Amino acid sequence: MQLQAEKETLTAGSTSQFQPFGVDIGNGAIKMVSSMGETRSESYIYYLSERPANPGKGYVEYLEGDRVDLLNKSWVGGISAYYHSPTSIYRVTDSKEGKVELGLQVMLSALAEMPYRPTWDIALTVSVHDGKTLGKAIRQALEGTHGVRLAGKATRVNVRVLGVLEEGSGAIIHYAKTIDTTNAILYDLGNGTLIVSHFAGLQLTNRTYSQNGGVEKLIDEVAKHESVRKELLKEAQRHLIRKGIENNNFVYGTQKTGWTFESAYRDELPIWVREVLSPMVRPTEAHFDGATALIAVGGGACLPGIKNLLAKKNIQVLIDPQWANARGLYQHATRKLSTERIGG
């Protein structure tokens, strides 16, 4: 597969064949944006003990490349991982370093769901919630040459990391023409973490994290709610609770016709707001009077009922808050790669 030659080309920094990508490895889902469109897949991985007879979407075999720790491993990602084993999947949200530990795996699985290409040349911008401690590690985890089978077909994936931005920076880039970012506050309501970021223009000036978790805590409490346990005679599967909330119909899976967990959600949402969201927002209220924009992004900004609650604090939920960060990362990658080509 001429691995060494391709490594040398990658190292030399040739930009002619590379395509810009924005890659948002979320605790709940990975979002990828490129000229070929937008792809979203659950941030789940299930490692396989043997190759399936009919490799399908999300299936990856790592044959050779710079990630020696993955050599000869195979896995499925996204919803296929959940279908293989609901209780044995690895989730990005399960570890504080999950974006580093599973970032390449979920990205390759997401590529495996796209139309086949014998070679992918990807120049990406990625985000992480703590660039100082995880930025170098996530760059090393993603960058390099990876000889794999995607959905059963041999593929070469060459990855250059153009930038590692702090979480939310992509959203500010994306919304820069929509809002006044002179003195903006961004509330990133993620699955694993809640983050408050202050921006002066596109410059991050301050950042704080919730110590009480993210949307996953709400999902967990709904899954354990008394009414849910009474109906299911067990705690609910977190994935199915999340999907029911995302679909805004509170339907649990495919077999519980005529029943929803809406009442449990309505019980738990105000508790989550009081115990998780409000402690993150309250310390920023002193900055409200001078703020040029207050916006919320991330999956939590899409929670049923949350938009009106945030509006009481004049915090806006703009169009497609789940996609804003990934789209901004793509804009960054596009500009960075274009600058390199002009300079080169």
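**Note on a predicted protein model**

1. The protein carries 39 positive and 36 negative side chains, and the centres of these two sets are 2 Å apart; here Lys and Arg are counted as positive and Asp and Glu as negative, with His and the chain ends left out, and each charge is placed at NZ of Lys, CZ of Arg, CG of Asp or CD of Glu.

2. This is a predicted model, in which local features need pLDDT of at least 70 and side-chain atom pairs count only at pLDDT 80 or more, while totals for chains, interfaces and linings use all residues. Residues are numbered from 1 along each chain as its sequence is written, and side-chain values use heavy atoms, with hydrogens and water left out.

3. The secondary structure amounts to twelve helices and 15 strands, these being DSSP runs numbered from the N terminus (helices are H or I of at least four residues, strands are E of at least two). Along the principal axes, the C-alpha atoms fill a box of roughly 60 × 50 × 30 Å.

4. Of the 344 residues, 52% are buried, where buried means under 20% relative accessible area, exposed means over 50%, and partly exposed lies in between (1.4 Å probe, protein chains only). Among contacts (heavy atoms within 4.5 Å) between residues at least 6 apart in sequence, 69% join residues at least 24 apart.

5. Helix 5 (residues 131-142) has Leu134, Gly135, Ile138, Ala141 and Leu142 as its buried residues. Viewed down the helix axis, these buried residues fall within an arc of 140 degrees, so they line one face of helix 5; the arc is that of the directions from the helix axis to the C-beta atoms. Lys132, Lys136 and Gln140 are exposed on the other side of helix 5. The partners against which the buried residues of helix 5 pack include strand 1 (19-25), helix 4 (103-111) and strand 10 (153-166). Just after helix 5 comes glycine 144, with a positive phi of about 135 degrees.

6. Helix 9 (residues 238-246) is mostly covered, as seven of its nine residues are buried, among them Arg238, His239 and Arg242. The cover over the buried residues of helix 9 includes strand 4, helix 7 (215-224) and helix 10 (262-281).

7. Tyrosine 46 lies in strand 4 (residues 44-47) and is partly exposed, with a relative accessible area of 23%. Leaving aside residues up to four places away in sequence, tyrosine 46 touches several residues, including Trp75, His84 and Ile89. Serine 34, in strand 2 (residues 29-34), is buried with a relative accessible area of 8%, and with the same exclusion of residues up to four places away it touches Pro20, Phe21 and Tyr330.

8. Most residues other than glycine have a negative phi. Leucine 233, in the loop between helix 8 (226-232) and helix 9, has a positive phi near 65 degrees and is exposed at 76% relative accessibility. Asparagine 314, in the loop between helix 11 (306-311) and strand 15 (316-317), has a positive phi of about 65 degrees and is exposed, with a relative accessible area of 61%.
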